[in-house]
Amino acid sequence: MKRYIRFGALAVAAFSLCGVASAQPAAGSQVESTGQLVQDLSGFRWKLKQMRPGEGVKAGLHELPQGDLETHVWIPAQIPGDVYTDLWKAGIIEDPYFGRNSMKAQWAMFNEWWYSLQFNVSENLQGKVVRLEFDGVDYACDVWFNGKHLGRHEGAFSPFAFDVTDVVASDPNWFKGRNMLMVKLDPPPQVNHKVAGLKTPWFGDYWRDLVPFGIWRPVRLVASGQVRIDDVYAKSEVRNDGSAAVHFEITLENHGKKECSVEVPIRIAGHNFDGPEIADGVRVKAKPGKQVVKATVNVAKPKLWWPWDLGEPNLYKATVQVMDGLDSLDRSETVFGIRKLEMAWNPGFTRDEVSFPRTVKLNGKTHYIRSACWGGPPDIFVGRTSPAEYKKLIDMAKAANMNNIRIFGWHPPEIPEFYQYCDEAGLTVWQDVIPLGTANIAQDKANVERIYAEAVAVIKERRNHPSIILIEGGEEAFLRAADAPFTKRFLEGLGDRLHQYVDLPYVPDSPLTCEIAQSVGYKPKEAIHALGYFYSMGRWLMEDWYSPMDFPIVPELAITSVPSVDSLRKFIPENELWPPGPSWGHHWADLNRLRMQNFDTFGDERTGSLEEFVNATQDAQGTIFQLSVEHFRRLKPRNSGIALCHYITYWPDMKWGIVDSYQQPKRSYFFVQRAYQPILPSLQFDRRRWQPDETFSGKLWVVNDTYQTLEGCKVLLSVSDGRGRKLHDATYPVEQIRPDSAATFADVEWRIGGKVDDAFTVSISLVDSNGAEVASNEYMLLIGDQEAARSTMREMGKSISTHNAKYEYGNYYGFFPEIGREDGQDWQCELEIPRAKGFATGSPTP
């Protein structure tokens with residue numbers, strides 16, 4: 001990854017063509033040392049124009065004179081951004097996140113869109129190599145610069161560039177230094193499997209049919225000397241004696257026609273800590289074209305990069321230059337970490353059950369993964385998000401005691417800031433390299449190769465980030481595989497290709513336990529996507545569902561909820577808030593399942609008011625997450641990680657996230673925060689419903705993901721009723737909590753004895769030998785009949801089956817009798833608002 005050094009909007013430097021020096025007068029020594037000129041072309045100065053497909057070139061938009069003012073009347077646009085956000089800001093479409101407006105914006109994706117930018121270059125660029133660089137365009141585009149067609153690119157994730165040395169206009173005179181950049185953006189693809197791995201999927205059960213597209217990452221103009229740095233890879237090795245080596249692979253490109261002798265000095269220093277600078281370098285004979293230069297820098301006493309719960313996330317910065325004598329031709333900076341990454345087999349599973357080791361070892365210590373599927377970017381329309389939102393979300397993930405984020409194959413590889421913030425926070429990343437939710441692709445060699453090339457471009461740009469510890473190929477690709485042997489060859493071949501560029505553990509697909517995956521040799525215990533409670537709701541009460549599950553790793557664990565009332569008001573029309581109107585369904589509120597999970601959690605559907613219902617869905621989501629997470633954590637070391645599904649979602653929906661689209665934590669966030677405590681007191685019980693005359697029984701556990709040893713601790717337990725009245729207290733000694741362990745310490749019993757009518761809460765607090773609290777936890781349990789509750793859930797599940805037989809999953813019309821023409825009702829007037837059945841009438845909560 002190459003980091004650019006900028007000085008304001010424009011940076012100027014001295015350049016050399018192997019002894020032929022050229023410098024901007026009075027540029028200043030600080031700038032001269034960079035060996036680079038960088039003009040960031042991002043921002044709000046871009047313009048946008050709609051044309052019917054194929055009509056822009058016919059009309060001659062690419063031929064507009066670079067000094068004319070015609071584009072000034074086009075639509076203002078922001079880069080990085082997307083088409084829909086620019087149209088919304090200009091008042092051309094209504095907010096596609098509000099109500100059902102997204103359906104009204106579909107026309108935009110059937111047109112081509114022309115982006116234009118006029119800008120000046122006043123510096124003398126004579127003798128310099130000038131490149132126009134795009135970090136990412138979604139999805140297909142043609143580029144013209146000053147009337148010249150530079151080329152075409154397809155693929156949303158791969159950076160691309162053009163040599164514009166002979167095309168760029170540069171002059172102190174305003175008119176002579178004027179440049180015109182034109183980018184024609186094609187209508188986005190409409191069939192995912194034709195662009196699998198090359199574009200983010202735009203479907204799934206948390207989005208509607210509106211395909212995002214735009215120039216979604218920065219654009220810049222870069223000038224350098226004849227020999228430039230194309231890429232720097234810093235691969236660390238931790239030796240047995242505690243020292244380290246950083247093996248650099250530096251890709252140089254000589255744009256000249258002759259071999260050129262240059263120096264490549266390398267300096268590394270602490271990035272987020274103080275430490276001595278280490279300098280080294282090599283002399284290179286740079287042949288015309290690209291070549292990889294290798295060099296090793298030794299670090300005697302390295303400060304290792306750790307996840308936050310095991311140590312400090314120490315980072316180094318490497319500065320690499322290309323020097324011709326005293327003249328700097330180019331310079332690159334990259335931030336990296338030194339760490340040792342290994343994988344271990346999970347104990348208790350045989351090679352007949354699993355194919356891959358699933359326990360992560362970082363610097364010799366077990367890294368138990370407490371994760372959530374990212375669900376991002378923060379907005380599917382990237383023009384609506386910002387690095388500040390990423391920073392806030394990463395900080396919130398760490399505050400929720402997560403130590404990992406999983407980017408799975410329905411979502412794109414993220415922007416550099418995401419990985420930077422994870423590096424700095426000490427959060428690891430479990431990365432599906434490119435979005436491959438299907439492998440039902442064209443099997444010709446050319447198509448497979450372009451997917452592989454896209455994945456290589458993605459991993460090369462991100463491979464210096466120490467936070468990335470696991471990579472995968474597909475996401476549930478085998479679940480829908482029409483040709484399982486090809487899917488296996490394709491995904492395993494992807495791993496082979498990636499391993500030419502990076503040394504990271506790779507698994508071809510997730511979860512690999514379906515019948516199709518097993519038909520080609522994968523094993524029955526590889527992993528589990530714990531989604532059955534939601535998709536087969538009614539088969540189990542929550543504890544009946546999670547208790548039997550025993551797998552080495554859980555890449556997905558899913559349940560849903562509704563955002564807060566304040567957030568709902570931002571995307572649901574006021575007249576549809578309560579009882580729920582059609583916009584709830586459009587935003588993927590599965591109203592039947594939400595009521596059922598409320599019943600399972602509370603013994604009541606909680607549909608009396610908007611606020612009651614919303615809060616109940618969040619508490620139900622939190623309860624289900626908490627109890628199932630604790631179940632898997634108690635299986636440690638057989639189990640080595642969990643990823644909730646999701647942390648966020650990329651638009652205002654009513655589905656998986658524990659943080660909503662407005663970066664507001666749901667109540668479920670705080671349940672997860674408790675369940676993910678690195679040192680966790682946990683209460684195991686086999687059911688949530690107890691009869692008034694029974695004795696509650698359970699087991700007291702402590703799970704320790706850290707390498708601390710705790711001596712002389714105790715657990716304080718209390719029981720209270722629904723009104724907060726304390727009913728019982730007990731103390732249990734915990735003599736020693738071993739590092740990296742999960743152990744049971746006591747049997748817990750409490751005679752209910754008719755003291756509770758409906759619900760009771762068990763609270764536990766782990767305190768150390770000095771009486772200071774280490775961690776705490778709590779559980780809400782019910783007075784009720786377990787068998788009767790199971791029967792009720794089964795009957796409610798049958799109603800879902802009947803509903804799906806008529807409307808199919810995802811068709812929300814069935815929630816609204818007026819739309820579905822049920823019970824003699826029929827929606828005939830737009831002034832009437834269809835209402836979901838099964839909800840109390842009345843005004844929404846103020």
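1. Let's start at one residue: F670 has a relative accessibility of 40%, so it counts as partly exposed (partly exposed lies between buried, under 20% relative accessible area, and exposed, over 50%, with a 1.4 Å probe and protein chains only). Y669, by contrast, is buried, at 4%.

2. A word on the model: it is predicted, so local features need pLDDT of at least 70 and side-chain atom pairs pLDDT 80 or more, while totals for chains, interfaces and linings use all residues. Residues are numbered from 1 along each chain as its sequence is written, and side-chain values use heavy atoms, without hydrogens and water.

3. Now the rings. The whole structure holds 50 aromatic pairs (Phe, Tyr or Trp rings, the six-membered one for Trp, with centres within 6.5 Å; planes under 30 degrees apart are stacked, over 60 edge-to-face, the rest tilted). Y97 and F381 make a stacked pair, with 5.6 Å between centres and 10 degrees between planes. These two residues sit 284 apart in the chain, and both are buried. Y669 and F670 are edge-to-face, because their planes meet at 80 degrees, with centres 5.0 Å apart.

4. Which residues do ring pairs link into a cluster? They are Y84, Y97, Y206, W207, F213, F381, Y650 and W651.

5. Stepping back, 62% of the 846 residues of the protein chain count as buried. Of the contacts between residues at least 6 apart in sequence, 74% join residues at least 24 apart (contact means heavy atoms within 4.5 Å). The C-alpha trace spans about 95 × 75 × 50 Å along its principal axes.

Notes
Helices (H or I, at least four residues) and strands (E, at least two) are DSSP runs, numbered from the N terminus.
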